[in-house]
Amino acid sequence: MSFETVLQTMSELNDVHLTLLELAEQKKHALIHNQVEQLTQIVTKENKLLKRIGELDQQRVDAIGNFLVEKGYKPNPRVTVSDLTKIIFNAEEKRVLIDSQKQLLATIRKLREHNELNQQMIEQSLAFINYSIDIMSGSDGDELIYSNPNQTTPGSNRRGLFDAKA
């Protein structure tokens, strides 16, 4: 019975990660189209799913512990699914568990790739915003041309639209 619980938990973990993968796609679209409100909603959904992943991971640990007790082993919360495959001797159960693990790992890998892309897009957006603020806060265009730093020019202490030091 505990083996089925492990498989069910693994399947639920994969489903939640697939949902996160869909949200990562939506987040990409929201970032590209500057849809801040939609981005906020997506982040809220992601936080709920991350909490669910924590709960499912605890269920996985409990299910593996119960399975170990059923097989006569001492339960250990640090036993992973990979460790579990080493003590399962039924070929069909081992194959199903390994397939479930591979599927979950593939989904997590795709999610990681999407998140890295989204992070790069956010960093590029922030760099552009900082660049725009620097341009707006700078003084007239004369400072963009090289000048001798020891030579002071009139108006060199002029501040732009924003006080960058504030």
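Biologist: Which residues are linked with R52 in a network of salt bridges?
Modeller: E12 and E55 are linked with R52 in that network. A salt bridge here is a side-chain nitrogen of Lys or Arg within 4 Å of a carboxyl oxygen of Asp or Glu. This is a predicted model, in which local features need pLDDT of at least 70, side-chain atom pairs count only at pLDDT 80 or more, and totals for chains, interfaces and linings use all residues. Residues are numbered from 1 along each chain as its sequence is written, and side-chain values use heavy atoms, with hydrogens and water left out.

Biologist: How many salt bridges does that rule give?
Modeller: The count comes to seven.

Biologist: What does E46 pair with?
Modeller: E46 forms a salt bridge with K27, and their closest N and O atoms are 2.9 Å apart. This pair links distant parts of the chain, since E46 belongs to helix α2 and K27 to helix α1, 19 residues apart. Helices are DSSP runs of H or I with at least four residues, numbered from the N terminus.

Biologist: Are E46 and K27 buried or exposed?
Modeller: Both E46 and K27 are buried. Buried means under 20% relative accessible area, exposed means over 50%, and partly exposed lies in between, with a 1.4 Å probe and protein chains only.

Biologist: And R95, what does its side chain meet?
Modeller: The side chain of R95 meets that of E92 in a salt bridge, at 2.4 Å from N to O. Both residues lie in helix α4, three residues apart, about one turn of the helix. R95 is partly exposed because its relative accessible area is 42%, and E92 is also partly exposed, at 46%.

Biologist: Which residue does R109 bridge to?
Modeller: R109 bridges to E113, with 3.6 Å from N to O. They are four residues apart in helix α4, again about one turn.

Biologist: Changing topic: which residues touch the most other members of the largest nonpolar core?
Modeller: They are F3, V6, L20, I64, L84, I88 and L97, within a core of 29 residues. Such a core is a set of buried Ala, Val, Leu, Ile, Met, Phe, Trp, Tyr and Cys residues joined through side-chain atoms within 4.5 Å. The elements giving two or more residues to it are α1 (2-32), α2, α3 (81-87) and α4. Helix α1 gives the most, with 12 residues.

Biologist: What is I64 in contact with, beyond its sequence neighbours?
Modeller: Leaving aside residues within four places in sequence, I64 is in contact (heavy atoms within 4.5 Å) with V6, V79, T80, V81 and L84.

Biologist: Why does L49 count as buried?
Modeller: L49 counts as buried because its relative accessibility is 18%. Residue L49 lies in helix α2 and touches V16, T19, L20 and L23, not counting residues up to four places away in sequence.

Biologist: What lies just after α2?
Modeller: G72 does, and it takes a positive phi of about 90°.

Biologist: Last topic, the surface. Which residues form the nonpolar patch?
Modeller: The patch consists of I122, L126, F128, I129, Y131, I133 and I135, with about 700 Å² of accessible area together. Accessible areas come from the Shrake-Rupley method with a 1.4 Å probe, and for residues only the protein chains shown count as cover. Patches are made of residues with over 30% relative accessible area and no salt bridge, like charges being joined within 9 Å and nonpolar side chains (Val, Leu, Ile, Met, Phe, Trp, Tyr) within 5 Å.

Biologist: Where is Y131 placed?
Modeller: Y131 is in helix α4, residues 91-137. Y131 is classed as exposed because its relative accessible area is 52%.
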